[in-house]
Amino acid sequence: MSDSDFENASDTEMEEMLRRSAAGCRTPALPDETAALPWTVQLERPRTGTFNLGSGLATGAGSLRRSASSFARLAVTLAVAGAFLAVVGQARTGGSGGNFVQSPPTPRPTGTVAAPTGPEVVVVVTSGVVDDVMADYVAGAIRRAESDGAAAVILQLDTLGGAEDAMLRVDSALHSKIPTIVWVGPSGAKAASAGTFITLSANLAYMAPSTNIGAASPVAAGGGDIAATYGQTEADKVMNDAIATIRSIAQERHPQAVDWATSTVEKAKSYTAQEAVDAHAVNGIAVSLDDVLNQADGQTVTTSAGSVVVHTKGATTVSIGEDPIQRFLHTLDDPNIAFILLVIGVLCVLIEFFHPTLLMGLVGALSLALSFYGSGSLPLNILGVVLVVLGIFMLVIESSVPSHGLLTAGGLASFLVGAVAFYGSPGPYLPSVAVAWPIIVMMTAAAALYGLVLVRTLMQMRRLAVPAGSGMVGTIEVEGETGEVQADLAPIGTVYVCGESWTARTADGSSAARGTKVKIVRQEGLTLVVERIG
């Protein structure tokens with residue numbers, strides 16, 4: 001048997017095998033005109049020639065274009081995310097927020113309506129983490145109250161603590177030309193950690209029933225002892241600085257409560273409203289803003305402009321709210337929202353790898369930027385972040401790496417542990433926060449569905465065999481191109497052209513031996529009609 005007969009016999013056997021395989025396959029049935037065509041098999045690699053080199057260069061150029069497009073898309077995504085983060089980060093520029101355009105004041109009459117020419121008191125409602133956004137808001141509101149000639153400013157406070165620099169900025173703003181009053185309320189509110197410093201910084205301080213104040217000791221990472229983490233010398237420096245700060249504030253505003261104030265830092269003690277009143281740390285217990293106005297009236301305080309007698313009885317209260325940008329940025333400081341944004345950002349970025357789209361990459365980058373911005377005033381634990389990202393990654397690769405469920409179990413465990421440890425307490429005066437368990441459960445389920453359902457579906461779609469004749473095959477325009485015969489055209493065989501093997505026949509029905517150079521005349525379905533060159 002000659003080599004040509006052997007090749008033809010092999011082609012026939014392979015054709016029969018492929019037909020039987022296709023018959024039992026779940027892919028759609030082939031069109032009749034496609035099924036009538038013979039199957040051919042490439043037995044040897046094509047010989048290198050000038051036209052093959054050109055095809056390879058064209059393919060390489062296409063790959064470079066695709067790579068350049070991917071990098072350009074990534075660069076655009078990062079540029080937009082960076083620009084957005086730079087814009088929202090202007091709130092952390094150390095007081096620029098004081099120039100924000102404040103929302104129009106909203107008159108809110110108290111129980112006793114003042115006469116039109118009566119005193120006006122500005123109310124600033126603050127809650128949540130003490131951060132730069134809150135400091136900008138308070139500073140801007142007090143500056144506006146000064147310019148409007150208000151009788152006093154009441155800072156309604158409810159906080160678990162926050163950043164030291166923001167706390168000092170609020171303290172500076174409370175040293176105003178007009179009397180400043182802090183009311184820890186309503187019932188159930190707290191003035192913990194940094195909130196203790198802020199309460200003592202005002203000219204007058206009142207607390208609602210069922211509120212507490214104190215626990216202002218600086219702590220190390222994870223809430224541990226500073227000496228055990230950084231050494232005794234560093235612990236002494238931080239503690240002495242905190243004690244000196246609160247003593248100086250108490251000596252100016254509440255000189256009878258200096259020792260009491262020191263105990264909140266040195267011994268991390270927390271006190272009820274009545275205990276704070278007994279220690280002369282606050283001026284009284286007030287159940288409402290009206291009660292604050294009545295008790296503060298007639299008091300003599302020292303402002304930056306000198307001694308002033310407070311006239312607040314029967315005053316009209318005017319609330320100055322945060323502007324839309326401040327409200328949005330302050331919302332990001334919520335520990336649950338920052339965690340959700342991080343998970344969403346990681347999921348969207350991973351989608352970009354499995355199903356490239358500019359939109360998902362952009363959404364993911366923006367979500368991550370907002371998450372880390374919101375975490376700037378929270379005690380973020382880097383180890384918790386790493387465990388959350390690692391858990392999501394393990395859930396994702398389960399679809400491509402057979403592990404019999406081990407990666408899924410490990411991913412869920414890593415995600416849960418990371419979510420629980422997402423926040424620590426890495427610095428002085430920062431609040432003790434944690435992700436709520438309902439949020440942890442919800443985001444764990446979302447990550448599991450993402451990794452086990454969405455990613456697996458996308459990868460399975462990529463692996464689906466595309467049936468011949470479905471419109472996805474033969475999309476390259478080959479008419480007029482030059483190719484080389486791979487399997488003898490007798491009269492039907494195989495031609496290698498444009499980096500692909502095609503079923504082909506000669507235009508005049510003659511035969512062509514292997515290695516013959518041919519030119520593509522036209523295309524009939526999936527069969528090329530060729531003619532010899534020369």
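Asp148 is partly exposed, with a relative accessible area of 48%; buried here means under 20% relative accessible area, exposed over 50%, and partly exposed in between, using a 1.4 Å probe and protein chains only. The structure is a predicted model, in which local features need pLDDT of at least 70 and side-chain atom pairs count only at pLDDT 80 or more, while totals for chains, interfaces and linings use all residues. Residues are numbered from 1 along each chain as its sequence is written, and side-chain values use heavy atoms, with hydrogens and water left out.

Asp148 forms a salt bridge with Arg144, and their closest N and O atoms are 3.9 Å apart. A salt bridge is counted when a side-chain nitrogen of Lys or Arg lies within 4 Å of a carboxyl oxygen of Asp or Glu. Both residues belong to helix 4 (residues 132-148), where a spacing of 4 residues separates them by about one helical turn. Helices (H or I, at least four residues) and strands (E, at least two) are DSSP runs, numbered from the N terminus. Arg144 is partly exposed, at a relative accessible area of 23%. By the salt-bridge rule the count comes to 5.

Glu524 takes part in salt bridges as well. Its side chain meets that of Arg505 at 2.9 Å, N to O. Arg505 lies in strand 15 (residues 500-506) and Glu524 in strand 16, so the pair ties together parts that are 19 residues apart in sequence. Glu524 also forms a salt bridge with Arg522, with 3.0 Å between the closest N and O atoms. Glu524 is partly exposed at 35% relative accessibility, Arg505 is partly exposed at 25%, and Arg522 is partly exposed at 35%. Elsewhere, salt bridges that share partners join Asp132, Asp136 and Arg169 into one network.

In it, 5 strands close up in the order 13-14-15-17-16, with mixed pairing. Neighbouring strands of this sheet are turned by 55 degrees against each other on average, direction ignored; the axes are lines fitted to C-alpha atoms, for helices over the stretch in contact, and angles run from 0 to 180 degrees between N-to-C directions. Two strands pair if DSSP finds at least two bridges between them. Strand 16 (residues 517-524) and strand 17 (residues 527-532) run antiparallel and are joined by 6 bridges. The bridge partner of Glu524 in strand 17 is Thr527.

Val529 is also placed in strand 17. Val529 counts as buried, at 0% relative accessibility. Its C-alpha atom is separated by 10.0 Å from that of Val495, 34 residues away along the chain.

In helix 11 (residues 289-296), the buried residues are Leu289, Val292, Leu293 and Ala296. Seen down the axis of helix 11, these fall within an arc of 100 degrees, so they line one face of the helix; the arc is that of the directions from the helix axis to the C-beta atoms. Just after helix 11, Gly298 takes a positive phi of about 90 degrees.

On the surface, Leu416, Val420, Trp437 and Val441 form a nonpolar patch with about 390 Å² of accessible area together. Helix 16 (406-420) and helix 17 (437-463) are the elements that give two or more residues to the patch. Patches are made of residues with over 30% relative accessible area and no salt bridge, with like charges joined within 9 Å and nonpolar side chains (Val, Leu, Ile, Met, Phe, Trp, Tyr) within 5 Å. Accessible areas come from the Shrake-Rupley method with a 1.4 Å probe, and for residues only the protein chains shown count as cover. Val441 lies in helix 17 and is exposed, with a relative accessible area of 51%.
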